[in-house]
Amino acid sequence: KGFWRLFKLGVSVDRDPGKDFLHVSDALLEEVAKVLEFPVASMLPAEAFTVLRKSFDARKSQKEPKFVYTVEMDVDKLLNMEPRTWDFISRLEPKIGFIEHTPHERVVGDLVNIIHDNKKINHDEVPGENGHCSSSSSYKLPLTKKPKVAVVGSGPAGLFASLVLAEFGVDVTLIERGQPVEKRGRDIGALVVRKMLQAESNFCFGEGGAGTWSDGKLVTRIGRNSGSVLSVMKTLVRFGAPESILIDGKPHLGTDRLVPLLRNFRQHLQDLGVNIRFGTRVDDLIVENGHVVGVNVSDSSGSSQFSSEKLGFDAVVLAVGHSARDVYQMLLSHNMELVPKDFAVGLRVEHPQELINIIQYSKLANEVRNGRGKVPVADYKVVEYVKGDDNNVPFTSHRSCYSFCMCPGGQVVVTSINPSELCINGMSFSRRSSKWANAALAVTVSRKDFNALNFHGPLAGVEFQREFEQRAATMGGGNFVVPVQTVKDFMHNKLSATTIPSSSYRLGVKAANLHELFPVHITEALQHSISTFDQELPGFISDNALLHGVETRTSSPVQIPRNPDTYESTSLGGLYPVGEGAGYAGGIVSAAVDGMYAGFALAKRLDLYEDDV
Ligand code: FAD
């Protein structure tokens, strides 16, 4: 009875239905029959089986590349469906990694449904004059009517926090310094085509946050199968993401899908009554007796609709991402505790996508067909541990060098928010059809590295980032031109000749010796790791592989301490630091999950629901 999960069901490329993720094909039923030891695959009804996960496995250790499935079998459905005796069911036994019994179907809804099922009170029944909060803290939120919460930042963390709070009936104001996606798209176009950077509307700032004009990978290291990740994914599907993201082993959206999804998300928030203020920057917190009671905002759109305003709130969720360095400074001015955090810096490498397809798939590379074929555009993931140098005192620590934010069929983009600092990242569209593959090659850095360059204090990591962003801008000669070097020349510490391979980066590249960028131990870690990566991916060191400088914003250089249960700042009451900028997330999904949990924690504090969800 109940459900059985069947794992590691391999289907060859020629027999697989390709991008039809939900389809239980005859070839898949044959694999199911083998695992169940059922003699006639064609007798198994496809309706009793559901595809839970599908990945493409092209590892060299495999005899041939294949699609690998996880499938769920609904025993009740099977028994009710046919007047046959399914003897094999009584013989089924769990086998670790291959067959697993689950008594109940796993039902994880999207957030809207989850909250509707758990809501303690409806929107009209919010606490009145004597509303109390369930927090153990002695501070009681001054609730006189519907609780009023500001969410600062409309990245994944801010959007999901707003969604949860608004679904619970909170009066939410979502404050975003950047522009809605329609206008932001035009600003990004002007940057890429005419090199006109809008300081407040760019690849980092604006609706959807840093994740909008991104690669839109939805992979996460926080547990792909956890209920929280699944409910975030289902919420994305609710707003327009394809259902395949629930099943794909490496789910990906791409900018073209993210933009309409964000419009739907916005519409839903507005339908719930959320007041969304684009082009509005939070410049300061209003603090009374150690508690945040509001924010000072100013018009960041340049339209001078207002100069500045004071807005009062019962609580403020701070979801500003890690490029809002002015916010870190502002928090320090309130004597808030900020802690420097390890992160990673490096270069972005770009190869022709065809080369990566051939390295990964050999003959099967033809099946990629520019993103339209059966097999996915090839990616890679590499990591190398680099031993520290015991004679070189500040750098005795071991480091990792790893590929990060790999964008198959993508392009390198500029993520600077001011022209004197140059930093880059990667983005793609849903088909991943560009002729380039790019990835950051990042080396871990810590407080020792910051101190060695004389950067101390809570923002030492930010200063460290800025140092290399400024060096890269100078090496490129300004105007967002990126310094580049072929991988081969980087390995030999030699300037690349005037004919450098083409790059997807649209604002111009200039040959430079990237050895002059980082301290020598980081450069050596990169060199050492690249030679190892070439053994794993023969051809990685190629005349056509181009390194771009500089990748500095792999994750936040700062953490804002908070209470792990209530999500409230340990320095200031009423402030809820969330997402990547607060140091609690490192990607779209983890930021969304963090925002979601912060929303629940605050809703609980506001006494809007009782149980843990
Ligand atoms: P953010 O997304 O940074 O959002 C913060 C928001 O706050 C911004 O919109 C900003 O304008 C706003 N804000 C800042 N200061 C203020 C203020 N004072 N007042 C009002 N508003 C303010 N991650 C992945 O998982 N997969 C990917 O494929 C991927 N690709 C990426 C590609 C690029 C080009 C970039 C830049 C990042 C990429 N990332 C990717 C990382 C991912 O985008 C971030 O981890 C994620 O967006 C962090 O979410 P967040 O909500 O914490 O912050």
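Which residue in E4 does Leu-6 stand opposite? Leu-6 stands opposite Ile-99. This is a predicted model, in which local features need pLDDT of at least 70, side-chain atom pairs count only at pLDDT 80 or more, and totals for chains, interfaces and linings use all residues. Residues are numbered from 1 along each chain as its sequence is written.

**Confidence**
- The protein chain has an average pLDDT of 90, and 92% of the residues score at least 70. pLDDT is the predictor's confidence in each residue, from 0 to 100.
- The model's ipTM is 0.99 and its pTM is 0.93.
- Residues 121-142 stay under 50 in pLDDT. For this stretch the model has 32 contacts beyond four places in sequence. Two residues are in contact if their C-beta atoms, placed from the backbone, lie within 7 Å.

**Domains**
- The bounds come from an automatic or database domain assignment.
- In domain 1, 6 residues are in contact with 7 residues of domain 3. The domain 1 side of this contact has 4 nonpolar, 1 polar and 1 charged residues. Here Ala, Val, Leu, Ile, Met, Phe, Trp, Tyr, Cys and Pro count as nonpolar, Asp, Glu, Lys and Arg as charged, and the others, Gly among them, as polar.

**Around the ligand**
- There are 44 residues around the ligand, and Gly-153, Gly-155, Gly-209, Gly-321 and Gly-579 come nearest. A residue is near a molecule or strand if its C-beta atom, placed from the backbone, lies within 6 Å of it.
- By class, this shell holds 20 nonpolar, 18 polar and 6 charged residues.
- Domain 2 and domain 3 each give the shell at least three residues.
- At least two shell residues come from each of helix H5 (156-167), strand E8 (280-288), strand E17 (424-428) and helix H15 (588-605). Helices (H or I, at least four residues) and strands (E, at least two) are DSSP runs, numbered from the N terminus.
- An unreviewed UniProt entry annotates residues 148-181 as "domain: FAD-binding". UniProt positions are given in the numbering used here, feature names are shortened, and annotations may be inferred rather than shown by experiment.
- Residues 148-181 are 38% helix and 29% strand, and their end C-alpha atoms lie 26 Å apart.

**Strand pairing**
- Strand E1 (residues 3-12) pairs with strand E4 (residues 99-102) in the antiparallel sense, over 4 bridges. Two strands pair if DSSP finds at least two bridges between them.
- E1 also runs antiparallel to strand E3 (residues 66-74), joined by 8 bridges. In E3, Val-71 is the bridge partner of Leu-6.
- E8 pairs with strand E9 (residues 291-299) over 8 bridges, again in the antiparallel sense. Val-287 has Val-292 as its bridge partner in E9.
- The hairpin of E8 and E9 has 2 residues between the strands. Asn-289 in this hairpin takes a positive phi near 50°.

**Backbone details**
- The peptide bond from Gly-549 to Val-550 is cis, with omega near 20°. Val-550 lies in strand E21 (residues 546-551).
- Asn-335 has a positive phi, near 60°, in a residue other than glycine. Asn-335 sits in the loop between helix H9 (325-333) and strand E12 (339-340).
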